[in-house]
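Colleague: I am new to this structure. Could you take me through one part of it closely, starting with a single bond, and then show me what else deserves a look?

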Amino acid sequence: MFKHSLTIVVVSALLVACSDSDDSAPAPQPEPEPSLIYSAEVRRTDFGIPHITADDWGSLGYGFGYAYAQDNFCIAMREIVFASGRSTELMGEGMGSVESDFLFRFLNGNKDDFAEEFVSELPPFARELAEGYTQGMNRYLEETGVANLPAGELGCRDAEWVFAFDSIDLFLLLRREALRGSSEQGIFRRALLATTGPALVADSAPGVDLDEAARALSDAAAELRDLDRGSNGLALGRDATRDGSGMLLGNPHQPWFGAGAWYQAHLTLPGTYDVAGAALHGFPFIGIGFNRDVAWTHTVSLANRFSLFELKLNPDNLLQYDYDGEWRDIVPEVITIQVKLPDGTLEDRQQTFYVSQYGPVINLKGVSPALDGWPMFNGSVLAFRDANLLTGIRGIEQWINKGQATSIDDYVAALQSIGNPVFHEIAADRTGEAFYGELSAVPFITQEQIDRCVNGVVGPLLASATTNVILSLDGSDPTCEWGEDPEAPPGTNLYGASQLPQLRTTDYVGNSNNSYWLSDANNPLEGFPSVMGPVGHEGQQQFLRTRLGHLMVAERKAGTDGLDPEPLFDLESLKGMMYANRVYGAELVMDDILVICATDAAVSVLPACNVLANWDRKVNLDSMGAQVFTEFWSIIRGQLGNSFQNIVQSDEFWAQDYDVSDPLNTPAGIDISIPANHDRVIAALASATSRLQAASVALDAPWSEVQVLERNGVRVPIHGGTGNMGVYGAISAGLSEGGYINPRAGNSYIQAVTWDETECPIADVILVPSQSTDPESPYFSDQTELYSNKEWVRFPFCESDIAAAQIGETLLLQE
């Protein structure tokens, strides 16, 4: 039976029956040529970038799925195993996760019901694209065989957990990724699994330590903020560029490997969809990218994606709670998963979830014992409602619509469906208009509700300790429920697009993971509820990266940044700004550190002081001493940092305290008139020295020897540094033996895009970890080495450029 082909060859045989009789049977007709389900053309250009062309959505997905699988099959396969809730069934407990399996079996239910309830509601093109992508990946698996899949740390050769999946499994993956800012957060996944049902205990209220609970909640912040998923985004309008065209810098700080990492591609459905850029692993559409007229990027938004509801329990029936003076039931729901044991047999395990009208009940005892119990010390339990349960499914439609935009008007129109789970939207178009919007899934909670419905003891505790990142509303009051916006997708209780922060400008917009407030530093967005951006909310101190981003734009517009004496941006100066590698925290405090270093009290840390005195205050490869400041600042942040706001917040440390009227320049300097600050700086320098010595890192070693990514035994130097100390080009790497070895995240897919008088967009890009995770691939480390040298890849978009850059033969995939 005809199934797969790289080229179509049709062989027809005409069978003729011979007879000497006049009434012989007519000759049989030739069998009809088998019809094709999918047909896609795949060409690759330098550095392995695939350009897929097809005449229908299914075929486009088919070609993309196959090309992606050639480079990274095992990455998506592993994520699908987890998203489908089968990780322990297929991998066992060593590699799988019981918590994750229970969670996603609970959230997704039966696959058939999931397909009918959610996937079937999508437009046909979205389902066809996903189905084709799935079949393309499965074709690669069939042709390659499990025994020949990539090996290595990220490979899956001979893995028992590899299987031919279907498009519903792929949609489960899309949903899982959308929930990383809510249900899939470890703190809440564990809280859901920690709920064991009613258990009356003796009154423990006198022993509850609320101060300890507040400290523990604050410590949990790092997990909720997930600094590995940061980003910078900058859109320049015609007033900020030399030639009057729009310009965009996309700089997501995503993981380099596994879930959330990027893959470059160009997808073309002639006359319908022609988009280049990068897709998340296993995603059948371009996430951050550009077309002939529009370019876009995202930064991770820390707006609220969930809320808790405090349920006041019936003391006579702990499976009931008060709602408007009536008792409502909490309903147990038993979920069963299978776990593969060491001997290969499967064992059924069960977990009971307890579901209220708001969502499942959680237990935060993993954060603090004070929040344990059913009921807790105050007679209540907490329920969890997730704003993103449906967003990931809608996302495929929204991202395709964005890719079809020919102007900012079109781009903004595509955002109305609220298919964006966690991102700030930043875009620019050919005509020189720039756009920023917090048009993502935000629960409809008004500021009045926050002020009124966060009450009792637990609600204010959670809100205060987490600066409103975790809100718990009064579940007994119907007026505290999420509201309804007729513009929002039905049944979601989200804010509709017109009520969310957004602006259009011909100047510029930029965001580096703070709230919407100062995305245009000269035109603050104000008057919105804190749920739309509790981190760096209106009037609050901003991240160092946020401040540096706006500072660099102002300097470039004035031509005072040393990149080019001519003011305003062109493509080269935009790229130069991206690779400037300034450490803004050092710019703010180094002069004062050196004053303290000159005192007699600092003699014990003189080696560190001497290194810092000669350091260029950057994280370039030839910078010597960046490691000393990196560890120093980590210690200062540990002492004085606000965990949820990712800032150093102190009335004693700073020489200039934060001033809401000057949020981009304050706080600044160290108050050296306070003796305690001398002690703090010297102690931090001593600790930094000890840390580096313990890791066998010389204080004055060049950054090229200290921060590296190992690729097939080669240490590739990585420029950039920790975003927390004010490095725009952030790299996430912890100190280990020998330095900051094998960063896990940071600068990932970077794109600088603009236009000229031709119809072809101009895009210089780099994928820092490179295109393939297969150690045997030629695309395993090639772009990593380019990044190390501060080089870029010109992304070919128009046909003539693709043809000129093509490597290898054109692949025609048909089925």
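Modeller: Start with cysteine 453 and cysteine 480, which are joined by a disulfide with an S to S distance of 2.0 Å. Keep in mind that this is a predicted model. The torsion about the S-S bond of cysteine 453 and cysteine 480 is -85°, and the link is left-handed. This pair connects distant parts of the chain, 27 residues apart. Cysteine 453 belongs to helix 12, which covers residues 447–453. Cysteine 480 sits in the loop between strand 18 (472–474) and strand 19 (502–505). Cysteine 453 and cysteine 480 are buried.

Now set that bond among the others. The structure has four disulfides. Number the bonded cysteines in sequence order, and they pair as 1-2, 3-4, 5-6, 7-8.

Take the link between cysteine 74 and cysteine 156, where the S to S distance is 2.0 Å. The torsion about its S-S bond is about -75°, so this disulfide is left-handed. Cysteine 74 is in helix 1 (residues 57–83), while cysteine 156 is in the loop between helix 5 (124–144) and helix 6 (167–178), so the bond ties together parts that are 82 residues apart in sequence. Cysteine 74 and cysteine 156 are also both buried.

Go next to cysteine 597 and cysteine 609. A disulfide joins them, with S to S at 2.0 Å. About -75° is the torsion around the S-S bond here, so the link of cysteine 597 and cysteine 609 is left-handed. The pair links helix 16 (residues 584–597), which holds cysteine 597, to helix 17 (residues 606–614), which holds cysteine 609. The two cysteines are 12 residues apart. Cysteine 597 has a relative accessible area of 10%, and cysteine 597 is buried. The cut-off for buried is under 20%. Cysteine 609, at 4% relative accessibility, also counts as buried.

Look at glutamine 264, in strand 5 (residues 262–269). Its relative accessibility is 0%, so glutamine 264 counts as buried. The side chain of glutamine 264 makes a polar contact of 2.7 Å with the side chain of glutamine 783. Leaving aside neighbours within four places in sequence, glutamine 264 is in contact with residues including Ile49, Pro50, Gly277, Ala278 and Tyr749. Val765, Ile766, Leu767 and Gln771 are also among its contacts.

Helix 3, residues 98–108, is mostly covered. Eight of its 11 residues are buried. Among them are Phe102, Leu103, Phe104, Phe106 and Leu107. Ser100, Asp101 and Asn108 are buried in helix 3 as well. Just after helix 3 comes glycine 109, with a positive phi of about 65°.

Finally, turn to the empty space inside. Rolling a probe the size of a water molecule over the atoms shows where such space is left. Six cavities of 30 Å³ or more are counted. The largest cavity holds about 600 Å³ of space. Its lining has 40 residues, and Glu177, Gly181, Val300, Val422 and Phe423 lie nearest its centre. By class, that lining divides into 20 nonpolar, 14 polar and six charged residues.

Which element gives the most to the lining of the largest cavity? Helix 10 does, with four residues. Helix 10 spans 391–403, and is one of the elements that each supply at least two residues of this lining. Helix 6, helix 9 (221–225), strand 3 (230–236), strand 4 (247–255) and strand 8 (294–300) are also on that list.

How values were computed
Residues numbered from 1 in each chain as written. Predicted model: local features only at pLDDT ≥ 70, side-chain atom pairs only at ≥ 80, totals over all residues. Heavy atoms only, no water. Disulfide = S-S within 2.5 Å. Buried < 20%, exposed > 50% of the residue type's maximum accessible area, 1.4 Å probe, protein only. Polar contact = N/O pair within 3.5 Å; in protein donor to acceptor, adjacent residues only side chain to side chain. Contact = heavy atoms within 4.5 Å. 1 Å grid on protein atoms, 1.4 Å probe; cavity = no way out; pocket = protein on both sides within 12 Å on 5 of 7 lines; lining within 4 Å. Points joined across faces, edges and corners; volume = space filled by probe spheres on them. Nonpolar A, V, L, I, M, F, W, Y, C, P; charged D, E, K, R; others polar.
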